[in-house]
Amino acid sequence: MKLITCTHVRGRRTACHIEQGGEIFFQDPQPPPDALVTLDFPGLRRLNRASLVKWLSSRETNRTGHPAVPLATTGDSAEEAPPPLEQGSPAPSPAGDVAGAGSAVGPPSRRQIVDLPPTCWRLTELDDFLDAGGWEWTLWGVEQHIALTEFRAFAERWHADTIARFRGVEDIASAEARSAALAPLAERLQRVYGVLQHAGARAEHERMQAVEHLDRQHLEALRPIGADRLKDWLSAVEAMETDAVRSEALQELARYLVGGGGPGPEERARILRAISRRKKLREATEYDSDFWEILSDHLDLPEPARDLVVDVTNAHPCTVQANWDLLRATRVGPVAPGRSALAVYTERGRLRCYVRGDRTLLFRIRKAGGELRKYGCTLRIQAPGGASLRPMLLDIERLDTLAHVDPAQAVEAVADLGLPADHLLYRTARAAASDHRQARLLSDLLIELKYGVDADVARTLIRSQSRTRGL
Amino acid sequence: MPVSIRTLKRRYKIHLALGRALPPHDLGFPLPFSTGNPLYDAALTEKLSATRTMSEAEHLRRTWDLARAATAEETRVLALHSRGLLNDFRLLMALRCWEQEDDEGAAAFLRALPWARRLGFPTAVIKPSATVFTGWRRSLRFRLVDEPRFPALRELYRQLLRQAPPVIILKYRAAIQEAAALMKYRFEGARERAIHAWCFENQTAGASDAGLSLLGAYADARTTLREPGPGALATLLEGAPETLPLTSYAGLLGSAGVHLREDAQAAVVPLRDYAVRSATPVESLLRLRQWAPWLQERHTETLAQTVRAAVLEGGLEVPFHRVTQAYMSAPIELRKRVLEPLYLPLLRHFGRQVAGLLPPPGPLTYVQPGNALQSMSLLLYAAVASAADTRMLLLYRDGVEEVPGLTLDRISPHLADDPWELQQWLLAEFGGLATQHDRHYDLGAAARVLKGLDPRAPLLLNVPMWDNEPWLAALLPFEQVFNLNGAVGAPGEVSVAQDYYVQMHWGGTRGAGGSRAGADGAALRFAELLDRLRMFQTLAEAPGAGDPA
């Protein structure tokens, strides 16, 4: 049996998975981790832990004439393990007593660790994909492990042979014989061209490795960062092709900007503006939390705006993050990274303005009749009935709360509906004064009578708007 | 014999069907238990915060109605066990007693409340929205108690102010200011006048003479930090007899732009030393990760001593999961340093605590798959095993095995291992067990083994299986089954994974197969569950509880 698998690290040892066998390890010298290895077990028919141990044991016994087998056992716990309490199969061999001592072989101890000798594995070559098991799933990522020259050599070796096999099948006249020949051809084609399919990915992989190397060389040549070389630095970083190297360079720049020998606040702001004007640099830093974490305590935000009229009807409560939005957006009040704010967006979804505050501010504005002077600006919320549902949802949330804590105050909100005194609403309100279960019903009636919306739908919308449960 | 788990669950199902109990997704503690009395149940599991289908207001209304309907006997029972109630309910019962002019009862519940809530009691009486709600709801005007009894309220407050230590006055200025303003409290005497100056004028004149020198120390620190600066502050604090609380100290530093994480910060060494000295035991744990970059050995010794003294000697209760989360979130180097002096003593203490909470008889039997070695659940087992009689059963595809107990001494050296070191130890300790990925287990053998156990003794399961007949049949006789995963369905069984019941209620058993936190997360909350269970069992036998009529 021949099998391709991928190695990984476990407990600082190299291991690999085998189906039905779990993890197996390697004796020294161990293969490298994250490598493709080909396991070779000639004569083994079925691969699972017990059969593998048996195969290894008999192989070593046959070869050396001694019962010693290259299987590791564990430490103390394996030796001390008491007999099993209950089991459905023959007792396992105690640790240490491995399938050796001649031909009598039992199943391995549960605690046994299987270590493959070096003779059972080697690094995978592309030709292994033609006849090994496990080839399908190990093809994914093969370009990470095999050099481009190997792909070229593989193509040279097998392309002509594969064409010949094509012709061989085409030449078969009998339908029955042809259908029988197509099965092995199908598998052959899948294996050969399955491998070659990854050649392009390998070419790209090697290209990116070379590009990264060049980018790092360019970066090294630009060091140290200095005020006189900043423009060149930005241009060079913008021209880089490797995202990781570009990100490193920009974080290095951020550290320079906030460091002891770096520029002053005005120059720092100018440099940040310069970065934001370059599309690649702006995009590279848009979601780079490390870049902004370096800068967050040193962002020189201009004074907040005054004498504006801001419509916060559709504003979203949020926690302000240090990013380009914060530098671009208008700020009303003491807006800073980490603080709560209401984010106002344009119709196209672009952040326009931050207003210091949270949903409590929205309710204050609503309570003030839809307009409130704060932070030197006028904050507005549209009246219910307009294009946005938000004002209505604010009112619904207030009614929903009052229905539970003060039913009498809640029903005042529908006085304008002119309902008769014996209306179900008023009867429910009277009952709600002493029965909390009626309060929920009261809330539903109030919402549906006044606003015509399903109360549960409204509550779901309200919850989705609340940034935290407490708001 | 305490009330059994199956009885608590049966009562819950009946009450749920009758509309007297809330579904799990609307409980602060989603446990399917009922004492038989909705008031007692709410006091143990219902919080005044929004849940899946109920708002804060709805919870408030429901719990207040229950509190208002409490009989004198029920009130007495809850007062007797006030330490085990949720904070929200302690406050509501205090309000209820106040409404009934039962000042002694109100005082009993107030004594069980943290100081912030105690000092906010008048606010809760006069303007409850400011106390029980957050956000915009704090401005709503309504009353729970119709008649505040202002004279008696002021007299109560006088007593509270007299009892409040200076550090409380310093920390909860806003609460005092709000309460005093609402009831138009008249500050009398030197001490109260000093409190008034502090709360309303931000001044500390007369504070030292009135036995509130801590307020003066804070004001001096604030002034010195502004001018001359951090260096002078460090000198001032070094010689001060009073230690500022960490929250106040950190607030001063933050507002002055002083960051302890910056090595270049002026006088940073003495400022850091002071921060460590001023931290309470809980703060010491919570700040481990934040302070890790600069903690020195002398700091860790101080932190460890603070925590040990408070928890081991002083009886301070800190939840196991909080301690472990704080420890595990710290960098590995710091974990190595605080393992012996801080974490291990707490682990042993928790082991004793859990052992004390486990209802008899023993031993506790821990059952888990042999190839699913999860560090937290192993740690839980080892901690309990250090204080109680335990046994461990491992399940395999071909049988069941009892293994020698994993002791705390064996696992503890590895609590500060990096992932690779931990894997190495697991390989050395358990061999190839964890390398086998077979998820089939001999449940028939397991069932036969369970038949040999005392069904009254507790079982702790870390077995991720459900919808399995032999397994369920084996568990049927057991009275105390604690499952770190989703429940199998035995009547004497409860899932420790708190969100299991929430998920099950919404998605059925298939949707609730595994808790989001996993068995490891559930293991951290085992002590919390046992504590709730004990409270349920206690109140289930109290007057007013019992099977529904």
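Two strands are taken to pair if DSSP finds at least two bridges between them. The views below show a predicted model.

**View 1. Strands E1 and E2 of chain B form a parallel pair.** Strand E1 (residues 364-369) of chain B is joined to strand E2 (residues 390-396) of chain B by 6 bridges. Within this pair, Thr365(B) is placed opposite Arg391(B) of E2(B).

**View 2. Six strands of chain B make up an open sheet with mixed pairing.** The strand order is E3-E2-E1-E4-E5-E6. Strand E3 (399-403) and strand E6 (493-495) of chain B each have a single partner strand, so one side of each is left without a neighbour in the sheet. On average, neighbouring strands are turned by 20 degrees against each other, direction ignored.

**View 3. Helix H30 of chain B packs on the sheet.** Helix H30 (residues 526-540) touches strand E4 (459-461), strand E5 (481-483) and E6 of chain B. The direction of the helix makes about 140 degrees with that of E5(B).

**View 4. The second largest cavity has a lining of 14 residues.** Ala21(B), Leu22(B), Leu27(B), Asp41(B) and Thr45(B) are the lining residues that lie nearest its centre. Helix H2 (residues 38-45) of chain B gives the largest share of this lining, 4 residues. By type, the lining of the second largest cavity comprises 9 nonpolar, 1 polar and 4 charged residues.

**View 5. Domain 2 and domain 3 of chain A are shown together with their C-alpha centres 50 Å apart.** Domain 2 spans 147-197 and domain 3 spans 203-298 in chain A.

Terms used:
Residues numbered from 1 in each chain as written. Chains lettered and ligands numbered in written order. Predicted model: local features only at pLDDT ≥ 70, side-chain atom pairs only at ≥ 80, totals over all residues. Heavy atoms only, no water. Helix = DSSP H or I, 4+ residues; strand = E, 2+ residues; numbered from the N terminus. Axes fitted to C-alpha atoms, helices over the stretch in contact; angles between N-to-C directions. Contact = heavy atoms within 4.5 Å. Domains from an automatic or database assignment. 1 Å grid on protein atoms, 1.4 Å probe; cavity = no way out; pocket = protein on both sides within 12 Å on 5 of 7 lines; lining within 4 Å. Nonpolar A, V, L, I, M, F, W, Y, C, P; charged D, E, K, R; others polar.
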